[in-house]
Amino acid sequence: MPFEPLLFFADAGNGDLFALLSEIDRPDVFVWNHEDDSRTWAAPSLTKYLEWRLTGQIEL
């Protein structure tokens with residue numbers, strides 16, 4: 001996944017960042033790992049990301 005379309009909106013607290021795909025019509029949330037430059041799927045939408053983050057379902 002290229003770096004350019006990522007729209008970062010949250011910090012995981014460990015250096016990793018959460019992002020949306022700004023140039024692609026896809027609502028998924030991804031997490032960018034600052035140590036190995038990987039991108040991993042985190043949630044199907046921003047709404048679910050917020051729900052899961054607040055309830056502790058997303059852990060890094």
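1. Buried here means under 20% relative accessible area, exposed means over 50%, and partly exposed lies in between, with a 1.4 Å probe and protein chains only. By that rule Phe8 is partly exposed, because its relative accessible area is 31%.

2. A note on the basis of these values. This is a predicted model: local features need pLDDT of at least 70, side-chain atom pairs count only at pLDDT 80 or more, and totals for chains, interfaces and linings use all residues. Residues are numbered from 1 along each chain as its sequence is written, and side-chain values use heavy atoms, with hydrogens and water left out.

3. Phe8 sits in strand S1. Strands (E, at least two residues) and helices (H or I, at least four) are DSSP runs, numbered from the N terminus. Leaving aside residues up to four places away in sequence, Phe8 touches Phe3, Leu17, Phe18, Ala19 and Trp32. Contact means heavy atoms within 4.5 Å. Phe8 and Ser22 are 14 residues apart along the chain, and their C-alpha atoms are separated by 9.3 Å.

4. Now the rings. Rings of Phe, Tyr and Trp (its six-membered ring) pair if their centres lie within 6.5 Å; planes under 30 degrees apart are stacked, over 60 edge-to-face, and the rest tilted. The count by this rule is six aromatic pairs. One of them is Phe9 with Tyr49, edge-to-face, at 5.1 Å centre to centre and 90 degrees between the planes. This pair links distant parts of the chain: Phe9 is in strand S1 (residues 6-11), Tyr49 is in helix H1 (residues 46-54), and 40 residues separate them in numbering. Phe9 counts as partly exposed, because its relative accessibility is 32%. Tyr49 is buried, with a relative accessible area of 4%.

5. Tyr49 also pairs with Phe18. That pair is tilted, at 4.8 Å centre to centre and 55 degrees between the planes. It too links distant parts of the chain, from Phe18 in strand S2 (residues 17-21) to Tyr49 in helix H1, 31 residues apart. Phe18 counts as buried, because its relative accessibility is 0%.

6. Last, the hairpin. Strands S3 (residues 29-32) and S4 (residues 39-43) run antiparallel and are joined by four bridges. Two strands pair if DSSP finds at least two bridges between them. Val31 stands opposite Thr40 in S4. Six residues lie between the strands of this hairpin, and Asp37 takes a positive phi near 60 degrees.
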